[in-house]
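Take a walk through this chain with the sequence beside you.

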Amino acid sequence: MRKKQKNVLHYKKTFHINIAVIIFGLVLIYFLVYFFQFLTSKHVSIYEVQKGQIMETSVYTGLILREETVSYSDVTGQINYYSKEADKAGYNDLICSIDSEGSVAEEITAAGLDGTSLTKEELLDIEDIVSEYTANYSDTQFYNVYSFKENLNSNVQESLYLAALEELSRETDSGTFSLIRAETDGILAFYTDGYEDVTPDNFSADLYQPSSYQKNNLKSNTIVSSGQALYKTVTDENWYIMIPLDEEETAYYQTLMGEDSDSFVIQVTFRKDEAQAYATASLRTYDSESFLQLAMNSSMIRYISDRYIEVELGDETQTGLKIPNSSIIQKEFLLIPSDYISQGDNSSSQGVIRISSGENSDGNTEFVSTDIYYTDEESGYCYVPADDLSLGDVIQKTDSAEQYTIAETGELSGVYNVNKGYAVYKRIEILTSNEEYTIVETGTSYGLSLYDRIALDGTSISEGAFVN
């Protein structure tokens with residue numbers, strides 16, 4: 001029995017677009033393109049330009065000169081002091097006592113060993129002395145360690161000695177016990193160092209020796225001899241600071257002083273306590289060496305214990321766009337006389353008229369537009385990029401037969417802007433800088449703007465390079 005054959009009908013399959021596959025394909029292509037750019041582009045650290053400021057100051061160690069009068073002992077004996085450094089002494093005020101036999105002085109000294117009798121106010125004064133020394137310690141002035149120790153001991157003892165003297169006042173009528181009183185009004189200091197008679201007029205360059213400076217603390221003496229220094233008095237508020245200068249610094253301060261003046265006013269910041277004062281500055285020459293002399297009539301008492309002191313000079317604060325020094329690069333430009341710059345026909349763009357070169361040029365001219373990054377008003381040259389122009393090109397003045405061959409180049413400071421994902425050179429005008437940052441002018445032609453993104457290391461990238 002034959003089987004019946006079935007007729008099989010074949011239908012043409014309809015093509016259906018799978019949206020998901022298309023989307024996946026597009027995403028894959030985007031990823032591959034992005035991955036390729038990531039592999040081929042520069043990996044550069046970015047810095048965002050911020051507004052900032054830098055104070056222009058110079059730090060020096062200066063030598064202090066004052067009008068100082070030393071008072072000497074007429075007798076020999078054991079000494080006790082009752083006044084503090086920088087005290088204002090009036091005529092006949094008690095300074096110290098000298099006991100030739102030593103009996104009264106021994107009792108006063110013994111009382112000075114009992115620290116339990118110090119008042120709360122006296123303890124607070126001692127705390128202030130320790131805190132001030134700790135805050136202003138400097139390795140470059142190590143000699144202050146010994147002065148600090150001696151001054152601290154003296155301040156403790158003099159408070160105790162004065163109290164003991166009051167209790168023993170009945171015994172001070174002895175002919176062997178002498179009370180030394182101030183001979184004149186002034187500010188007291190209890191050290192000698194050999195600079196007491198030095199003035200700006202008899203100063204010499206070899207007297208400036210901060211590294212070998214030593215001072216003799218008079219309060220560390222327990223026994224004095226006739227003719228030995230007891231204390232000194234500063235009777236004049238006028239004082240001076242002498243600062244050595246090199247040639248570059250001398251030239252700089254000469255410009256501040258000007259040609260028609262022999263002095264100028266400058267702000268002084270004392271690094272010891274950050275106090276500020278204004279001084280009249282002038283340039284002096286000693287033994288062929290230049291010194292800046294700062295003359296002041298205030299704040300002398302604050303630094304009466306100092307002979308050498310660190311100061312910052314200047315108060316000019318420059319404000320602008322703050323960028324790291326590592327971002328700054330130098331770029332070379334072609335120099336073209338500014339009177340050869342013109343505007344093209346039917347165009348507002350600036351450029352130059354270049355004479356075509358070659359065998360078949362026949363001296364034809366063409367207008368080449370170019371950017372002008374900077375014009376030096378003094379030299380009359382414009383700085384243009386070597387994009388469409390090059391050294392050796394001959395250019396011509398507008399409406400003139402006068403020609404010029406481009407033969408010179410110059411450098412400008414700038415950074416690489418990466419706002420668009422690739423490096424674009426931006427010119428900067430530097431106002432001031434320190435070891436880490438530079439302040440640049442705002443609104444510079446072809447320059448930076450606030451919040452621009454720039455390459456942190458300008459040497460790690462080149463013009464037009466892609467970044468990520």
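Does Ile-241 count as buried or exposed? Ile-241 is buried, at 0% relative accessibility. Buried means under 20% relative accessible area, exposed means over 50%, and partly exposed lies in between, with a 1.4 Å probe and protein chains only.

A word on the source. This is a predicted model, in which local features need pLDDT of at least 70 and side-chain atom pairs count only at pLDDT 80 or more, while totals for chains, interfaces and linings use all residues. Residues are numbered from 1 along each chain as its sequence is written, and side-chain values use heavy atoms, with hydrogens and water left out.

Stay with Ile-241. It lies in strand E13, residues 239-245. Helices (H or I, at least four residues) and strands (E, at least two) are DSSP runs, numbered from the N terminus. Neighbours within four places in sequence are set aside for the contacts of Ile-241. Those contacts include Gly-62, Leu-63 and Ile-64. Phe-270, Leu-292, Leu-294, Met-296, Ile-309 and Val-311 are also among them. Contact means heavy atoms within 4.5 Å. Arg-307 is 66 residues from Ile-241 in sequence, yet their C-alpha atoms are 9.2 Å apart in space.

Next, look at a sheet. Strands of a sheet pair through backbone hydrogen bonds, either parallel or antiparallel. Here four strands form an open sheet in the order E7-E6-E4-E11, with antiparallel pairing. Strand E7 (177-181) and strand E11 (223-224) are at the edges; each has a single partner strand, so one side of each has no neighbour in the sheet. Two strands pair if DSSP finds at least two bridges between them. Strand E4 (residues 77-81) and strand E6 (residues 94-99) run antiparallel and are joined by four bridges. Within this pair, Gln-78 stands opposite Asp-99 in E6.

Now the charges. Side chains of opposite charge can pair when their charged atoms come close. A salt bridge is a side-chain nitrogen of Lys or Arg within 4 Å of a carboxyl oxygen of Asp or Glu. The count by this rule is 15 salt bridges.

One of them joins Glu-196 to Lys-232, with the closest N and O atoms 2.9 Å apart. This pair links distant parts of the chain, 36 residues apart: Glu-196 is in the loop between strand E9 (191-192) and strand E10 (216-217), and Lys-232 is in strand E12 (residues 229-234). Glu-196 is buried at 10% relative accessibility. Lys-232 is buried too, at 0%.

Another salt bridge brings together Lys-272 and Asp-306, at 2.7 Å from N to O. Again the pair links distant parts of the chain, 34 residues apart. Lys-272 is in the loop between strands E14 and E15, and Asp-306 is in the loop between strands E16 and E17. Lys-272 is partly exposed at 22%, whereas Asp-306 is buried at 9%.

Lys-397 and Glu-402 also meet, at 3.2 Å from N to O. Lys-397 is buried at 19%, while Glu-402 is partly exposed at 42%.

Last, the cysteines. How many disulfides does a search of the whole structure find? The search finds zero. A disulfide is a pair of cysteine sulfur atoms within 2.5 Å. Cys-96 is buried, with a relative accessible area of 0%. Cys-382 is buried as well, at 3%.
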